[in-house]
Amino acid sequence: MTAAQHFGYVDVAAALALLAIALGLSYRERLGLEKDLLIASLRAFVQLMAIGYVIDLIFGAERFVWVVLMVVAMVVFATATSARRVRTLPGSWWIMAVAIGLATALTLGLMLALGIIDPQARYVIPIAGMVVGNSMTVASVTVLRLLEDARDQRPRIEAALALGATPRQAADNVIRGSVRLAMVPIIDSTKTMGIVFLPGAMTGMILAGADPLEAVKLQVVIMYMLTAATALSATAAALLAPRRLFTPQQQLRRLG
Amino acid sequence: MSEAATSTTHGSAKLVVEHVDYAAPGHGGPSCAILSDVTFAVPTGHVFTVLGPSGSGKSTLLRTVDRLIEPTGGRVRLDGIPTTALPVQDLRRRVGMVFQAPALFEGTVLDNVAYGPRLRGAPGDSRDAERELACGQLSRVGLPPDFCDKPADQLSGGEAQRVCLARALANEPEVLLLDEPTASLDPAAARLIEDLLLRLAADTDLTFVFVTHDLAQARRIGDHGLLLVDGRVIEQGPLPGLFDEPDAEVTRLFLEGRLGGEAQA
């Protein structure tokens, strides 16, 4: 195993040259994205530095309760982000909390229970980050799509209700459509993995000097886990959200 | 059409709409009144026509009857029982609805016509029985049995609306709400639907509430009716005499076609 290259702050600063390219392009093409780009880059830097210190601290503490708290904090933050996206839907916070929380708890729990990953901060936290992040994206897309379809398909949904369908039956097509759409990116990236797409964890491990075959094995595990997590998250969101699309009298709400 | 109503006392009517109000929730502002104090009764087997210019609240009124929206005041009775006392699914099975734009589900015509019976697990698990049921309903709307296997998205507007009618009939409703079912059709297809409805009205004891903005159509179809303008009942009584001597200024305006196309808030 080769030793990993050491990154100093000078290297990080030098990478600002790359940001300058993006800023220059935005300025030249009058995209008006300079401010957004600068703020986003600065935010990412500060957030990543902060999390670096937190992880460093948790690594040092070697107490599992800190790891759990960290994962819970990730879920809460992801929930808030997703819920904000679909705030026209009543109860969106709970839907997202259950979808993301359930997907994270089940997949991480299973990985730990089966002994696939060790209950140590250095494994659990980065993997939890991927699980929570992907579950969040998928839950947002699912519910956004559900809201859009419920609007577009209002005549069909109401026709089904008028024939005596329950809200669940009336929204059946819309529910399946939104889960299918939300799962497309993860399925496509799984399919093309290694050819089009060199996944982050593997790339990271190889950069850090690990044996490529070790990196591949971990990546495969992560890939399966993310597939399970996103399927869980999308399904949970798609099953919970329809209740909120309808009133207790089984009428389709008009949302935003 | 059938004879004039022999009994319009609310007690014996199939469907009674009593003082129904509906106010759409305002977006931040005050709510907006769509229906105000609408009352009428329809005896079993009759065709009741709701006539009014577009935007007068006709569709909203129909939707309060099968509780696709909840009236903000008043009540609706089916066989004397308030609709709020019935399980929503039962109410909607007994009170069918055909919408202005035919909204067919994905799949075949058979899938559409059998949708209602399938929800209730009827007609059992036999595909043959299901097909027989669907063919029977299709023939009631003048479509041949081979329509069963047609994809629902390959029908003309008139065919689609007839399939919607067959789909509603397959539920064996007691009341059928028709929300301008011919408004999106060409005149020939519209007349075909009208004839079908007249025949159904004559042959069955199905009770109809027929919404239209077309006075001539109202006179052809209904035996009783009302004129709705701005969510209020302006006049009601037996058709076609209802508009022969208009009482109200609004009725005259409507008859002169001066309320017709414009949207009334």
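Ground rules. I am working on a predicted model, where local features need pLDDT of at least 70, side-chain atom pairs count only at pLDDT 80 or more, and totals for chains, interfaces and linings use all residues. Residues are numbered from 1 along each chain as its sequence is written, while chains are lettered from A and ligands numbered from 1 in the order in which they are written.

Entry: the chain B side. Helices (H or I, at least four residues) and strands (E, at least two) are DSSP runs, numbered from the N terminus. I count Ala, Val, Leu, Ile, Met, Phe, Trp, Tyr, Cys and Pro as nonpolar, Asp, Glu, Lys and Arg as charged, and the others, Gly among them, as polar.

Entry: B:Phe99. I found B:Phe99 in the loop between strand E6 (95-98) and helix H3 (109-113) of chain B. Buried or exposed? B:Phe99 counts as buried because it has 24 C-beta neighbours inside 10 Å. The cut-offs are 20 or more other C-beta atoms within 10 Å for buried, 12 or fewer for exposed, and in between for partly exposed, with C-beta atoms placed from the backbone. Not counting residues up to four places away in sequence, B:Phe99 touches A:Pro155, A:Ala159 and B:Asp179. Its C-alpha atom is 10.0 Å from that of B:Val211, 112 residues apart along the chain.

Entry: A:Gln250. This residue lies in the segment after H11 of chain A. I note A:Gln250 as partly exposed, because 19 other C-beta atoms are within 10 Å. Leaving aside neighbours within four places in sequence, A:Gln250 is in contact with A:Leu161, A:Thr166, A:Pro167 and B:Val88. A:Arg168 is 82 residues apart from A:Gln250 along the chain, with 9.6 Å between the C-alpha atoms.

Entry: H9 and H11 of chain A. I looked at H9 (residues 172-191) against H11 (residues 212-245); they pack at about 165°, axes 9 Å apart. Therefore H9(A) is roughly antiparallel to H11(A). Angles under 35 degrees count as roughly parallel, over 145 as roughly antiparallel, 65 to 115 as roughly perpendicular and the rest as oblique. Axes are lines fitted to C-alpha atoms, for helices over the stretch in contact, and angles run from 0 to 180 degrees between N-to-C directions. The residues of this contact divide into 11 nonpolar, five polar and no charged.

Entry: H6 and H9 of chain A. The axes of H6 (residues 121-152) and H9(A) come within 8 Å and cross at roughly 145°. Here I count 10 nonpolar, four polar and two charged residues.

Entry: chain B overall. I find nine helices and 10 strands. Buried residues make up 47% of the 265 residues.

Definitions and conventions: Contact = placed C-beta atoms within 7 Å.
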